[in-house]
Amino acid sequence: MTLTAETSRTARPWRERLLSGGSWTVLALLVLILAVIVVINPSFAEPMSLMAFAKKTAPLVVLAVGQYFVIVSGEFDLSVGSLVGAQVVIAARLMDGDEALTWPVLGLMLVFGLLVGLVNGLVTTLLRVPSFITTLGMMLVLFGAIRLWTGGAPTGALSESFRVLGRKGFPDVPGQFQVPYALLVALVVVGLAVVLMRRPFGRSLVAAGDNAVAVAYSGASVWWLRTRAFLLSSFLATVAAVLIGGFAGVTAQVGQGLEFMAITAVVLGGVALGGGRGTVIAAMVGALTLEALFTLFNQLALPSTVRPAVQGVILIAAVAYAARRRRT
Amino acid sequence: MTRRYHLGSTEIVYLALAGILLVAGVLVAVRGGNLFAQQNVSYMLTQTSLLGFVAIGQTLVVLCRSLDLSVGYVVALCSLVGATTMAGDPSRVWLGVVAALAVAAGVGLVNGLVISGLRVNPFIATLGTGLIIKGFLDTRFKGPEGEVPFGFQTFGYTRIGPVPVSTVVMLLVAAAVFVLLTRTRPGYHMFAVGGNLDVARLSGVRTGRVLVLAHVLCSLCAGVAGLLIAARFGTGNALVYSYGLDLDSIAAVVLGGTLLFGGRGSVVGTVGGVAILAVLDTAFNVLDVNPFFKDVLRGVIIIAAVALYARRQLDPASRRARFTTGGGDAA
Amino acid sequence: MRSIRVLLASAAAGTLLLLTACVTETPTEQPPGAEPSVAEETPDDSGAESEWFVQADYDRELAQRDVAPEGPADEPWLQAIEPEYVDTADLASEGGDKTLCFSNASVSNPWRVTGWITMQQQVEVLQEEGVIGEFRVSDAADDDNKQISDIQAFVEAGDCDAIIISPSTTATLTPAVEAACESGTPVIVFDRGVNTDCMVTFIHPIGGYAYGAVGAEFLVENLDPGSTVLALRILPGVDVLEHRWAAADKVFSESEIEVVGVEFTGGDGAKIKDLVTQYLQRGEVDGIWMDAGDGAVAAVEAFEDAGQPYPVFVGEDEMSFLRKWDETGMTAIGNVYSNFQWRTPILAAQMIWAGEEVPSEWVLPQEPVAEEDLAEFLDANADMPSLHYAKFGGEDLPGYPEAWTDR
Amino acid sequence: MHLLLDNYQKIPRLVDMRADDDAHAPSPDPVLRLRGVGKDFFGTSVLREIDLDLYPGQVHALVGENGAGKSTLMKVIAGVHRPETGTVELDGAPVSFPTPLDAQHAGVATVFQEFNLLPDRSVAENVYLGREPLRRGTVDRRRLHADTTRLLDDLGLTGITPWTRVGSLSVAQQQVVEIVKAVSYDARIISMDEPTAALADQEVALLYELVRRLRDRGVAILYVSHRLQEIYDLADTITVLKDGNHMLTAPAGEVSPDRLVSTMVGRDFAGFFPDRPADLVPGEVRLALAGSGNTMVDGIDLEVRAGEIVALAGLQGSGRTEIAHGVFGIAPFTRGRMTVDGQPVQVRTPRQGVRHRLALVTEDRKSEGLALGQTVLANARLVLDAVLPRASDRRARAVPGVLTSLDVAASTVAAARDAEVQYLSGGNQQKVVLAKWLVTEPRVIVLDEPTRGIDVGAKRAVYDLMRTLTADGAAVLLISSELPEVVAMADRILVVRDGRIAGELPGGSDETAVMALATGAA
């Protein structure tokens, strides 16, 4: 048997395994962007600035990890933006600034988030509605329902203890160096996600994104695998809602457009839309890159209106470059 | 063996449309109104035309297993290009139309080339071009701009009986696309590209060209929608991109029975899908439904309809059963 | 093949960048639509947004701030500044139970939600009085095209005794409003205007220039020369918002205030806080100017979290900001775009039906909440939720306060 | 009917299907001539110095193990790959096809193994895809259908209408449509890559007939197959490739099967199947079905004991695979009783099947067995991860050992963690599928066409494995269309016909007896 041809094609160095697909591209892009930021504004490299960057990036990282689970299993979740908005508004209205209600409301948010994920998952897997449509519908439903409930604009306020995770850090002295709790939350989320993806569930999930029939015939309940991915996505959207609500309080626009941000981050990280390829770390790098890009725009004092255009060009160029590498 | 007549997806779409019309008509009648009164019918038809143009174009790319998230921005861009080129001068109308459509075709060309040439996932590619256009619009235009001469505004306002001219044009475009898909090579090849790219390529279909053509036509349709906007507004407006035409058009296409994963569908179905959304809009309006409740209902109906189609595609009738359950009669 | 693709990619990317960049730097020469004031436009090189700046309008609005309005002082929604009355005798009609039709742009932000509640309460009063029979509403959800259809449907239905329009965008709704006027039904436009004067009355507060200038002047007065100001805007391309910034830009450019940045935030608190935090990292920010108050609290918090002293702040009369202002004791002003204007069109319809004269352009007072008034407004609105607007002017309506507290 | 039986006759043939020597004497000039063709992938040469001549009116068989270079050679001819060295001459003139399309238009058509049809389009639309006849700029649908009808009639194909949706045709009919499509290019050369691989046995006749008609029309046919019987039935000339080298070209009559196999493998044909161990006595009943059935099969009674190999023979489409799917819960039985190790069980999903320690090696490994973009290790762990997550890590340690025991090269085993399974050869892919089941230590293993499309070496490994499994007390249910395999490996043979068990034969029975039962001729 000739195996030389096979092995020369199959044995990939560990680096490539670590960051398969287009992930190298995005890591290089991230380093480049950070370097440019530091050159323009050396104070960005100071611990305080970095921590501020980490604090505002944390929610997107959490969302990207959630979106990663869904995308790698071959689906989409367009409902996370609406869900983040809904959760913040629900929290504000129910607790209305009352500290005593913080924990009960958090519990309720958790239940609500999981319920949304469950519906997304079951409609997609059992009713066979393409997830693009399921979650698009869910996006509309959440958007409308939450405004219907609050009469169009959010009411109430978030309690101070609710806001600690997203706003405060350790040690809690404003204006001094602090490690934001949001960073810790994001690190824990990424860490757990990495562990989860190395567990049987994670491997089965990626394999299901690659070939669902083979995984089903291997004894897995593919519908339940994917439903769990949607549950994770909704759960992490809820976590992100706690961080975002904590960070900035409640506004009417909260959460809008986050679904596209999260998907963009994941794809930028080299995770293939359609499933079966890509790592959690890559998704996280994608999220960091996207946020770093926004920071760079700000540092360059690029006119606000031009930024979407530059973002679009970089997005297409990065994904095209990664596609080029993968196809050869 | 009993022959069962199988309903195609397009028939189901129109059955659903009839059902919704009936239910909505009864609901409105109970409230003392008439859904089929002149103003409601023309409202319904007007609402179909804008989304109709965009969705017809979207059908072509979805058939090719692509999608276009930039259509909303193209509509906005073309409304501005058209209106600023016309600049209120009746003799420049044709120039405005040509300029708007040329810009639209250019965007479609970029979309198509990025997707087929650079192999960027269409979701990302069109999201990217959409962002680029948004940046351009926000930078270049600070609000409504340009002026559409009165003559061209008739495209947006004139009606033949209860039927707006724009709806007639939309139906003509739909008819043209129908002919394209059922009577021309590029149309045949779109089904092939969406059905199986490799098969198409091995059969000599120039898949890249077909995809580019679909995107150019999709953007052109969006361009016509932009001109309609300009005609109705009397000016161009960048904020049109926030109307959600991108996702709405995809929803309408899928509601019309076209497979989101390409290869199967029809423009007739899409028109039905758009009509369903327009009937809902009209009924909600006449019934004075809370605008937020409309979003909820829309979401639920889209999911429910697609679930219904998916159910039918699962129908095991296509698998030839040798033994019926319960009976032991061998074939 | 590979190199071709890379080449293609970079070429495409480069072209697009170039395209956008070029256009950014080229000032546009396109006149803004067919606005009658085009001729009066004064070239002004001071601000990049000069396109939106009309000196005459600016001067008029700033002057109107100091004009004492006519009308009852305790009912500001019935006051008018320098009114020119039109006779509506030929529009008068007998009897009650009128059908009032309202085409609303949307209720997509808290300011509109608050106003919409006020309007509904006012309608209820007139319904009980038997003036209004049916109140028919179409909400266009910020879609100009839908609003045009909505207006057309009202016109065609033919049974509206008056049509109230709150346009989504000034320029785009002009043809539809003109068509409505031609139908003979009295048309009332409020909030944002249209490029026609065919309606019976156009109701609005003084306007965007005054709004923008008030905040900018406040900053100029309260900051030392050379201080830095960050301008936070919602989104580009909406005329009322553009006017606010054009005026502020004008005021700043004539002062010694340095504007360190102009950012679009979409009204999203998270984005606002992030942006302010980044500016604070790079240097001091002494003042914040906002074109609308949404998310003002997030901006204040950014200063708190960065351990920086509070800036001089231009917010709005939105309750969460007023409370934050009170709590922190910072130097601030609560700008006002009079929310009570949502009552006026209903009352105007009643007046028109009765044949009473109304101002053809009904300019309502627009007075910011100053520090000395703060306590009074906080007290009056103690039960109101955040994202409620202090100058909503509905205290005397029957549904008060439940209608606004439990929305 | 004799034709069908012929397929399973050992050499020598009863009926000579080859060209009549008088009518179709090889013309002196080949229509296609390859000289010194070589092809590299990633610096590894997969074809070296290949010479090949195709003559009009002749069937030229191309044989070799998987990885020998057959498919690559076909793709070179089809214009999919361009050779690094050597020349391709068409009618004596050197040619180079930049794309498959150019080859097709030059009269060189290829029927690939993967189906190249659009299920949602009609037969006519598929056949003329890319070349739809036009009339005044639009597709002339009347002519499209007329042309297709004429093609079908010419080839004697009734029962297929031009407007039928391809997705509603049977697999064989779809295969025929593919060949019709190739013919429609006025092809003078048609390459076929294992055209019978997915066909039911009775449908093979249809294909034979088609090949014969084409040959009679003077078409040169390049025929790739793993089935020796077909090669001797059809071929005029045989070329053998091994490891990318051209080993042999000779008239079919001059190459004995033994020589053919030994040239391919470097191994003798004799002793190909491992002997049945004499001392192995079947133990207790592992799997039993009584009166099982669903919409596809009915009244299935069978028993498989520990240490026993029971074969399910029968024509394709007879219900063999459906029985396997019923046992494993993919299309569960709705009637009857099933017991595993004497315990009555309900298997409604594959998951429950695995829990009862059943295993199913499916017929189509690429679409049903493997996640091609994942690593060898991840694929070998699929079942563990899916059903036994707690034991997964521990049991997965056995994977390298299992792969080694299946005769997988050490380098592949070493790279298992990183190597994506899509880059392995068919034989190795099949071994990965086997490995994913072996690590679950199944008590009943169902093998559905386990040796389809894999090379001789890998086949032997599969046979050895079956013996090892039974020696360890597992029960094996073997589904196969290869009668020699069935007869040599099985202890008992159950013949399935029309969704029912038609009868039982002992292992080592005569192949004709099995066939007779399968076709109902007995």
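In the predicted model, the contact between chain B and chain D draws on 23 residues of chain B and 25 residues of chain D. On the chain B side of this contact, two helices, α8 (185-195) and α9 (197-202), each supply at least two residues, and α8(B) gives the most, with 5 residues. Classified by residue type, the side of chain B that touches chain D comprises 10 nonpolar, 9 polar and 4 charged residues.

Chain B also meets chain A, in a contact that involves 37 residues of chain B and 39 residues of chain A. Here the helices of chain B that each contribute at least two residues are α5 (122-140), α11 (245-255) and α13 (291-314), and the largest share of the side of chain B that touches chain A, amounting to 14 residues, comes from α13(B). The residues on this side of chain B divide into 24 nonpolar, 7 polar and 6 charged.

Within chain C, the division into domains places segments 68-206 and 338-366 together in domain 1, whereas domain 2 spans residues 208-335. The C-alpha centres of domain 1 of chain C and domain 2 of chain C are separated by 32 Å, and the contact between these domains takes 6 residues from domain 1 and 6 residues from domain 2. On the side of domain 1 of chain C that touches domain 2 of chain C, the residues by class are 2 nonpolar, 3 polar and 1 charged.

How values were computed: Residues numbered from 1 in each chain as written. Chains lettered and ligands numbered in written order. Predicted model: local features only at pLDDT ≥ 70, side-chain atom pairs only at ≥ 80, totals over all residues. Domains from an automatic or database assignment. Contact = placed C-beta atoms within 7 Å. Nonpolar A, V, L, I, M, F, W, Y, C, P; charged D, E, K, R; others polar. Helix = DSSP H or I, 4+ residues; strand = E, 2+ residues; numbered from the N terminus.
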